[in-house]
Amino acid sequence: MESITHYSLNASPYSPHSLLTFFSSFSSTTTTTTNTNLSAPTLSFAHRRPTMFRRGVLTCASQTLATPEPKENKLWGGRFEESVTDAVERFTESISFDKVLYKHDIMGSRAHASMLAKQGLISNSDRDTIIEGLNKIEKLIEDGKFEWRTDREDVHMNIEAALIDMIGEPAKKLHTARSRNDQVLTDFRLWCRDAIDLIVGRVKHLQVALLKLAIKNDGLIVPGYTHLQRAQPVLLQHLLLAFVEQLERDAGRLVDCRARLNFCPLGACALAGTGLPIDRFMTADALGFTGPMRNSIDAVSDRDFILEFLSANSIIAIHLSRLGEEWVLWASEEFGFITPSDAVSTGSSIMPQKKNPDPMELVRGKSARVVGDLVTLLTLCKGLPLAYNRDLQEDKEPSFDSVKTILGMLEVSAEFAQNISFNEERIKKALPAGHLDATTLADYLVKKGVPFRTSHDIVGRSVALCVSKNCQLKELSLDELRSLNPVFDKDVYEYLGVENAVKKFCSYGSTGSSCVANQIDYWATKLEITKET
């Protein structure tokens, strides 16, 4: 046998020790392969899978060579007379990435064994032996002592084969009334459930960071933009709360997705169910599912739950990308509205003066990965006939990548929000440009009984007069305003200037001071923080 320890150039991003570290990078991936052709290089070209090169070609793996041994018979190999080729084995394995599902696979197997015993399909003694063995395997994995073998293909076969090696005959009964088709989907739905819970927590963390930033900058007025042109004055708090609102809908989509995916496929078997007297309701309940899936063909063939999950992630990514774009622009010399601290900035290798908001640039950039993961899954599922097809093995890596990436984007966005300051003087100097109070002046005329379209025309001519005089609306004399329309009176100046304009907003959800104060109160209560925080 040739034992090779692979150190992946782009290893799986998940660690098995806890749900939080579940999404952090493995430092190395240990896999044992069986190779009967010692003269040919062993290469893995699969996307993001461990790279395996022979010495003499490229050394990126520690290798211990031993006498070749015959390949182990596959657990499904009864009708086959030949072993698969090394190329097929390398191409079809998924253990290099799906081993992150080990905890959920073991959880499902415990529930399945308990159900089989209750239904009289295995003895209680066999059940106890199986569960004890599964517990030992889980401990070996968590201690980094479990040998993952590519010749055992995937996480399910690795664990089952190891269980057979450990406890013998009772382990051979575990796969009774179960296929890998329903097994993997049970694991995957359990994984998605945990991933959603983790992402929702990160969403709330970013919401809290944005709300605290808003509370800290009470009363600060900034230019509001449409078409990236100056539009109307808004309170900074109002703008930051817009992102909080978007994130709330993002979390809601994830919660809705979780509710829809929380049905159990276990017991659907390959596609048609089973003739054995299993209790699918028992296993569904034991695993915390709402219930078993009603249709066994649907249970093993559709991936709409992961499409919905990655779609929700993609929308989060787009929202974060827009936040990133906003702050990258505002950190530029042209705007100068924010200053990121050194803790969330990077420099240039050649230009010593540079201070770049790279984290938010990467948030903007990584949104493409998350959207790409969704497109990969959509394309994968297009045109597949019912029921299960091996194509669906390719649903894991984009899903794992989407979750890892969105968690990182949420985390660094919150870090950035906690490490920026707004440059009030620079913002105040920028406010006069753009005649931000023009719409408020139109509202003034409407209150005087002038039809809005007429008011719009009058204010437009007022702005044109300001442009010709290189002044602001509030700097026009009353006589100059009356030359445009006699309805103007001295109270018009209560509407001019950005501070007065903001005070005049009163509609629900608007940027008016009292309206924004109500929004702050609402979110402080909902997110359980004090306004003094």
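Residues are numbered from 1 along each chain as its sequence is written, and side-chain values use heavy atoms, with hydrogens and water left out. In this predicted model, local features need pLDDT of at least 70 and side-chain atom pairs count only at pLDDT 80 or more, whereas totals for chains, interfaces and linings use all residues.

The protein chain contains 18 helices and ten strands, taken as DSSP runs numbered from the N terminus (helices H or I, at least four residues; strands E, at least two). Of its 533 residues, 50% count as buried, that is, under 20% relative accessible area, with exposed meaning over 50% and partly exposed in between (1.4 Å probe, protein chains only).

When neighbours within four places in sequence are left aside, I199 is in contact (heavy atoms within 4.5 Å) with L254, F309, N313, I316, V403, I406, L407 and L410. Just after α14, G449 adopts a positive phi of about 95 degrees.

The largest pocket is lined by 23 residues, with G224, Y225, L239, R322 and E326 nearest its centre. A pocket is here an open set of points on a 1 Å grid over the protein atoms alone, where a 1.4 Å probe fits, with protein on both sides within 12 Å along at least five of seven lines; lining residues have an atom within 4 Å of a point. Strands or helices that each supply at least two residues of this lining are β5 (221–226), β6 (229–235), α7 (236–261) and α10 (304–330).

In the loop between β9 (338–340) and α11 (358–381) lies D342, which is exposed, with a relative accessible area of 61%. D342 and K355 are 13 residues apart in sequence and 8.0 Å apart in space, C-alpha to C-alpha.
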